[in-house]
Protein chains: 2
Amino acid sequence: MSRVADHDERRHQVASAVGQLISAEGLNAVTVAKTAARAGISVGLVQHYFRTKDEMLLFTYHHVLERIEQRETDLVARSETVGTRIEHIVLDALRESLPLDDERRQEWRVALAFTGRAADDPRLAEVKVAALRRRRARIAEAVTNAKECGEVPEATDADTAAARIAAYADGLIGHVFADPTGMPPAAAQAALGDHLASVFTGECRLRGRAPGERPA
Amino acid sequence: MSRVADHDERRHQVASAVGQLISAEGLNAVTVAKTAARAGISVGLVQHYFRTKDEMLLFTYHHVLERIEQRETDLVARSETVGTRIEHIVLDALRESLPLDDERRQEWRVALAFTGRAADDPRLAEVKVAALRRRRARIAEAVTNAKECGEVPEATDADTAAARIAAYADGLIGHVFADPTGMPPAAAQAALGDHLASVFTGECRLRGRAPGERPA
DNA sequence: TCCATAACCATATAGTCGTATGGTTTTGAC
DNA sequence: GTCAAAACCATACGACTATATGGTTATGGA
């Protein structure tokens, strides 16, 4: 060995710079040179950590989706698990991902820019699908737990319900982002609340359990 | 005057070429030269009809959204207005816009690519918002008519219901597009059907009326 | 017929950007 | 200390692309 640097941290540092650039000027304004300048390093060093620009963008997309995901899982981890309806925890988690403040709007701006490019680029699409499926799986697990608890009827198919909830949430996010006048965040929250209420129709018979917690 | 050409038709011809290019190679692979080649004309002529590339893309976005919109309004115009529940007409119209076959998938591919860029470009965003609002307004009108008819309860706010329906539909479209395995078209149709059923809870007291038709 | 004008074309130009190249500097191991 | 390898940098290069320029061709009106 010789001189050492935290490879992963450097890559994240670059990805962060790309994210800032996208929210400032848009995805197609991103250049390697600008990225390097924003990250405070040389172009050569960016090349040292990413062989091509595409690889850099791919990693950045990963990075961004991870951040959004983290925000949601963090909230779930923080929430009270005892005596709280799973319905409310799920609602809180979904609300958390809405573009409520400017920071979250910027995050979605970046994510949406990538979504557009993912329509053309299979590798970006792959990243998107993976994130989508994790999201659905998380919701499905919550619904399953809610079924065991009694909040959701036994007849409900957890996967179907989860897929619908996720799609609805994403649609609302898109509309809040594109037209906050026609679809204010509060309206989106209300819509999600009503939809969840139509799924979580029962009373909890057992002690509360976190959405991610496995039944005993 | 002198030599004449149908300005509008030429512009649409170019826009169509751009659309083909996007669905073949993606939005960022579009160049003026390729567009001209695809349209069978010279680069100079493209410049003759569009002062800049941006203007060309803007017009193309318009063109694409118009096509998608047309598909929906055409179906509504074709549908039987007498004795048909407005709920079913709305459902048919929404289903029509799902990426069911390859042609519609391509259309959405193009639209989504632009959506991504609209996150950065205010002028593209403007076009998107306008289309969004027209869509919501159309649905709201259908809900209003359904209220008069008795299919939808009087207490329902048409605008709110319409905004929710539109957001849900768009979310489903996005998921069907991104992950047809996890969200097959049939599942999206079922989800829309169930949602509409939760809005259109009444029986029609009057003769059937088209969603766009004004009450007497 | 003629000519002004719009339709249409081929190519030059200037700028941008991704990547390659050829370095210098730092540092961990011996 | 020294040396090899990695971290890091500045710049050159080649390809691409939007747009400008300077045309030619066709045609409607006089």
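Of the 24 residues around DNA strand D, those that come nearest are S2(A), S42(A), G44(A), T31(B) and K53(B). The model in which this surface is described is a predicted one. Four elements each supply at least two residues of the surface near DNA strand D: helix 1 (7-25) and helix 3 (43-49) of chain A, and helix 2 (32-39) and helix 3 (43-49) of chain B. Helix 3 of chain A gives the most to this surface, with four residues. By class, the residues near DNA strand D divide into 10 nonpolar, 10 polar and four charged.

DNA strand C likewise has 24 residues around it, and T31(A), T52(A), S2(B), S42(B) and G44(B) come nearest. At least two residues of the surface near DNA strand C are supplied by each of helix 2 (32-39) and helix 3 of chain A and helix 1 and helix 3 of chain B. The largest share of the surface near DNA strand C comes from helix 3 of chain B, with four residues. The residues near DNA strand C divide into 10 nonpolar, 10 polar and four charged.

The overall make-up of the protein is described here for chain A. Its secondary structure comes to nine helices and zero strands, and from the N terminus on the elements run α-α-α-α-α-α-α-α-α. Taken along the principal axes, the C-alpha atoms of chain A fill a box of roughly 60 × 50 × 30 Å. Chain A has 216 residues, of which 41% count as buried. Among the contacts in chain A with a separation of 6 or more, 68% are accounted for by residues 24 or more positions apart.

The relation between the two protein chains was examined by superposition. In general, two copies of a chain are related by a rotation about an axis and a shift along it.

The contact between the copies takes 36 residues from chain B and 36 residues from chain A. On the side of chain B that touches chain A, two or more residues are given by each of helix 6 (102-118), helix 7 (122-149), helix 8 (158-178) and helix 9 (185-199) of chain B. Helix 8 of chain B provides the largest share of that side, 12 residues. The side of chain B that touches chain A has 16 nonpolar, 10 polar and 10 charged residues. Because 100% of the interface residues of chain B are also interface residues in chain A, the copies meet through the same surface.

A169(A) is found in helix 8 (residues 158-178) of chain A. A169(A) counts as buried because it has 26 C-beta neighbours inside 10 Å, the cut-off being 20 or more. Leaving aside residues up to four places away in sequence, A169(A) touches L94(A), L192(A) and G171(B). A169(A) and R95(A) are 74 residues apart along the chain, and their C-alpha atoms are separated by 8.7 Å.

In chain B, I165(B) is found in helix 8. I165(B) has 25 C-beta neighbours inside 10 Å and so counts as buried. With residues up to four places away in sequence not counted, I165(B) touches I139(B) and H195(B). A distance of 9.2 Å separates the C-alpha atoms of I165(B) and L94(B), which are 71 residues apart along the chain.

The packing of helix 1 and helix 6 within chain B was also considered. Two packed helices are described by the angle between their axes and the distance between the axes. Helix 1 (residues 7-25) of chain B and helix 6 of chain B pack at an angle of about 95°, and their axes are 9 Å apart. The two helices are therefore roughly perpendicular to each other, since angles of 65 to 115 degrees count as such. In this contact, G19(B), I22(B) and S23(B) of helix 1 of chain B meet Q106(B), R109(B), V110(B) and A113(B) of helix 6 of chain B. The contact of helix 1 of chain B with helix 6 of chain B has three nonpolar, three polar and one charged residues.

Note on methods:
Residues are numbered from 1 along each chain as its sequence is written. Chains are lettered from A and ligands numbered from 1 in the order in which they are written. This is a predicted model: local features need pLDDT of at least 70, side-chain atom pairs count only at pLDDT 80 or more; totals for chains, interfaces and linings use all residues. Two residues are in contact if their C-beta atoms, placed from the backbone, lie within 7 Å. Ala, Val, Leu, Ile, Met, Phe, Trp, Tyr, Cys and Pro count as nonpolar, Asp, Glu, Lys and Arg as charged, and the others, Gly among them, as polar. A residue is buried if 20 or more other C-beta atoms lie within 10 Å of its own, exposed if 12 or fewer, and partly exposed in between; C-beta atoms are placed from the backbone. A residue is near a molecule or strand if its C-beta atom, placed from the backbone, lies within 6 Å of it. Axes are lines fitted to C-alpha atoms, for helices over the stretch in contact, and angles run from 0 to 180 degrees between N-to-C directions. Angles under 35 degrees count as roughly parallel, over 145 as roughly antiparallel, 65 to 115 as roughly perpendicular and the rest as oblique.
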